[in-house]
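Please look over the protein shown here. The questions below take its metal sites, pockets, core and backbone in turn.

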Amino acid sequence: MKIADVLRLTGQAFLDALYPPHCANCLADTPSGIHLCTKCAAQAPKIKAPFCSQCSQPFDGAIDDVFVCFQCEGRKLHFDCAIAPYRSRGVVREFIHRFKYERHFYLRQPLANWLAEALEDRRITDQPFDFLVPVPLHSTRYRERDFNQAEVLAKLLAKRAGKPVLAALKRIRYTTTQTRLDREQRMENLRNAFRVRHASRVQSRHLILVDDVFTTGSTVAECARVLRQAGAASVRVVTVARG
Ligand SMILES: [Zn+2]
Ligand SMILES: [Zn+2]
């Protein structure tokens with residue numbers, strides 16, 4: 001065993017003694033480095049078929065065929081598909097919130113585990129991709145928060161997928177919070193909010209856009225629009241959860 005490994009292991013044992021490992025949701029004891037117990041993991045609201053082939057909106061009912069939901073129908077979405085393994089409810093919503101707004105940074109691990117499930121979706125495995133592109137934060141927001149949650153998740157995903165992260169987007173306009181706006185207003189609010197960087201590297205490339213949550217899809221749709229305009233061959237979206 002290398003010295004670095006010994007130090008890492010003893011360091012972890014030391015941390016475990018100081019802060020006994022426990023589930024971040026129910027506080028039950030967990031193995032070292034695990035932040036979610038199996039009971040709580042089983043309660044995470046997984047999205048199961050049938051769901052919209054474009055935006056993954058689940059559908060209550062029986063449909064065997066591939067279908068597109070009424071929200072996506074007749075709407076020009078510039079991404080090929082958006083995949084979210086979970087609903088933004090319960091423990092999933094709670095972890096995203098604590099990670100993003102309360103700086104519970106260790107929660108990036110269970111969030112990345114959930115996000116990685118999106119890479120197993122047929123819509124991703126059917127066609128190779130070149131880069132993972134995080135949805136950027138505006139520099140003002142970045143200074144407030146100290147990190148970009150999409151970038152943190154994209155980097156963890158990159159390790160697992162063996163594909164590079166490309167920070168191909170810059171947020172050039174500070175947008176006010178979108179939570180109270182409807183879809184039309186969100187699109188208006190986002191107009192000219194993003195600019196493509198490294199345009200030559202985006203040319204003819206297959207991209208996976210990464211974000212934490214898909215709410216109305218307006219943000220990722222606008223990101224996808226500018227990336228396609230810059231010559232990207234395809235843009236697929238992965239998020240931990242969807243609204
Ligand atoms: Zn638990
Ligand atoms: Zn849809």
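Ala, Val, Leu, Ile, Met, Phe, Trp, Tyr, Cys and Pro count as nonpolar, Asp, Glu, Lys and Arg as charged, and the others, Gly among them, as polar. This is a predicted model: local features need pLDDT of at least 70, side-chain atom pairs count only at pLDDT 80 or more, and totals for chains, interfaces and linings use all residues. Residues are numbered from 1 along each chain as its sequence is written, chains are lettered from A and ligands numbered from 1 in the order in which they are written, and side-chain values use heavy atoms, with hydrogens and water left out.

Q: By class, how many nonpolar, polar and charged residues does the lining of the second largest pocket have?
A: A pocket is an open set of points on a 1 Å grid over the protein atoms alone, where a 1.4 Å probe fits, with protein on both sides within 12 Å along at least five of seven lines; lining residues have an atom within 4 Å of a point. Here 15 residues line the second largest pocket. By class they are eight nonpolar, three polar and four charged.

Q: Which element gives the largest share of the lining of the largest pocket?
A: Elements are DSSP runs numbered from the N terminus: helices (H or I, at least four residues) and strands (E, at least two). Those that give two or more residues to the lining of the largest pocket are α3 (90-101), α6 (139-145), β6 (206-214) and α10 (218-229). The largest share, five residues, comes from α3.

Q: What is the volume of the largest pocket?
A: The lining has 35 residues, with Lys100, Tyr101, Thr179, Val213 and Thr215 nearest the centre. A volume is the space filled by probe spheres set on the grid points, which are joined across faces, edges and corners. For the largest pocket this is about 980 Å³.

Q: Why is the arrangement around the zinc ion (ligand 1) tetrahedral?
A: Donors are N, O and S atoms within 2.8 Å of the metal (3.2 Å for Na, K and Ca). Cys23, Cys26, Cys37 and Cys40 each coordinate through SG, at 2.3 to 2.4 Å. Four donors count as tetrahedral if all angles lie between 85 and 135 degrees. The arrangement is tetrahedral because the four donor atoms subtend angles of 103 to 115°.

Q: Is Cys23 buried or exposed?
A: Buried means under 20% relative accessible area, exposed over 50%, partly exposed in between (1.4 Å probe, protein chains only). Cys26, at 37%, is partly exposed. Cys23 has 0% relative accessibility, so Cys23 counts as buried.

Q: What spacing do the donors of the zinc ion (ligand 2) follow along the chain?
A: The donors are the SG atoms of Cys52, Cys55, Cys69 and Cys72, at 2.3 Å. Their spacing is C-x2-C-x13-C-x2-C.

Q: Which residues does a cis peptide bond join?
A: Pro50 sits in the loop between α2 (38-43) and β1. With omega at about 5°, the cis bond joins Ala49 and Pro50.

Notes. Four donors count as tetrahedral if all angles lie between 85 and 135 degrees; four count as square planar and six as octahedral if opposite donors are over 155 degrees apart and all others between 65 and 115; anything else is irregular.
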